[in-house]
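Subject: A structure to look at, with notes

Dear colleague,

Please keep the structure open beside the text as you read.

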Amino acid sequence: MTPDLLDAGTKRMQESQARAQAVGGSGGRATGYAHPLQARVVDISHGRILYLEDVTVSFDGFRALNKLNLDIAPGELRCIIGPNGAGKTTLMDVITGKTRPDSGTVFFGSTIDLLRHNESEIASLGIGRKFQKPTVFEQLTVFENLELSLACHKGVWASMRFQLKPEQRDRLAQVLHTIELGAQCHAFAGSLSHGQKQWLEIGMLLMQEPKLLLLDEPVAGMTDAETERTAELLMQLKQHHSLIVVEHDMGFVRSICSKVTVLCEGALLAEGTLDEVQADERVIEVYLGR
């Protein structure tokens with residue numbers, strides 16, 4: 001190759017690198033405070049594990065989210081409340097990749113642009129979601145449900161030859177202890193109470209080693225005793241995970257959460273302690289009532 005061609009190639013490479021730095025890692029979208037780091041490593045050096053900026057989602061002209069801003073700190077347990085249609089479910093859909101926003105920025109840590117990933121990729125990055133209705137394999141035992149949820153390769157050949165490793169058995173035993181279902185280890189999931197099924201599904205998420213957990217009305221339909229135990233469980237999980245909890249039970253919210261976000265018509269209406277938002281006239285008017 002001649003020197004002039006080498007010089008031309010070097011110049012093109014330098015121009016390409018300059019353009020990449022100009023548009024940033026989000027293909028031209030605003031990147032907030034993102035900066036390059038190792039791929040698929042959650043960088044929390046800026047003190048935030050989740051960051052949403054100006055997120056808008058429209059369905060047939062209806063704005064489910066309207067320029068919503070939200071940020072969650074590592075180890076934080078944040079409760080999201082608001083009237084029906086406030087955008088709570090859509091918010092979770094955006095974070096987990098089920099719904100793509102019309103505009104805005106969604107980052108996991110400082111470097112992972114969630115809008116570049118699909119649902120399965122986002123789950124593998126470390127975001128777990130629990131829906132309101134428990135989804136467990138009722139014809140399998142509690143142990144088998146947790147075993148199926150292990151964070152490992154799920155290919156056909158690998159599954160056929162799969163055997164639990166000692167460290168996986170230890171992890172499974174640890175999760176059983178956390179969700180307090182050790183005594184029901186060999187019971188069929190279908191025989192569990194409603195609350196126990198909820199805890200089992202949380203345990204199935206924990207087997208995937210998530211960094212951020214999204215929980216949709218985790219105590220709906222529970223007895224008072226089950227609700228109290230769930231509050232204890234979430235406070236325990238807070239030591240190792242960040243959590244976002246959507247809930248309507250204000251007593252439960254008070255028992256677990258120091259910061260509450262109130263949504264209304266897809267936008268942030270109020271934020272603060274539960275006492276602060278309960279005293280907010282706007283929140284009283286649109287959600288709590290007088």
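In the largest nonpolar core, which has 48 residues, the members that touch the most others are Leu146, Leu200, Leu234, Ile256 and Val260. A nonpolar core here is a set of buried Ala, Val, Leu, Ile, Met, Phe, Trp, Tyr and Cys residues joined through side-chain atoms within 4.5 Å, and buried means under 20% relative accessible area, while exposed means over 50% and partly exposed lies in between (1.4 Å probe, protein chains only). Helix 7, residues 194–206, gives the most to this core, with six residues. Apart from it lies another core, of 29 residues, which includes Val94, Ile95, Ile112 and Leu125. As background, nonpolar side chains tend to be buried together in soluble globular proteins.

Please bear in mind that this is a predicted model, in which local features need pLDDT of at least 70 and side-chain atom pairs count only at pLDDT 80 or more, whereas totals for chains, interfaces and linings use all residues. Residues are numbered from 1 along each chain as its sequence is written, and side-chain values use heavy atoms, with hydrogens and water left out.

As for the whole protein, there are 11 helices and 10 strands, where helices (H or I, at least four residues) and strands (E, at least two) are DSSP runs numbered from the N terminus. Of the 290 residues in the protein, 47% are buried.

Returning to Val260, and leaving aside its neighbours within four places in sequence, this residue is in contact (heavy atoms within 4.5 Å) with Arg78, Cys79, Ile81, Val253, Ala270, Glu271, Gly272, Leu274 and Val277.

Which residues of helix 11 (residues 281–288) are buried? They are Val283, Ile284 and Tyr287, and because they fall within an arc of 110 degrees when seen down the helix axis, they line one face of the helix; the arc is that of the directions from the helix axis to the C-beta atoms. These buried residues pack against strand 3 (77–81), helix 9 (250–256), strand 9 (259–264), strand 10 (267–272) and helix 10 (274–278).

There is also an open sheet of four strands, in the order 2-1-4-5 and with antiparallel pairing, where two strands pair if DSSP finds at least two bridges between them. Its edge strands are strand 2 (62–72) and strand 5, each of which pairs on one side only. Strand 1 (residues 50–59) is joined to strand 2 by seven bridges, with Val55 standing opposite Leu68, and strand 1 pairs with strand 4 over five bridges, with Leu50 opposite Phe108. Strand 4 (residues 103–108) is mostly covered, since five of its six residues are buried. Strand 4 and strand 5 form a hairpin with three residues between them, and Gly109 in the turn has a positive phi of about 70 degrees; across this pair, the bridge partner of Phe107 is Asp113.

Finally, Arg229, which is found in helix 8 (residues 224–237), is buried, with a relative accessible area of 9%. Leaving aside neighbours within four places in sequence, Arg229 is in contact with Thr178, Ile179, Glu180, Trp199 and Gln236.

With best wishes
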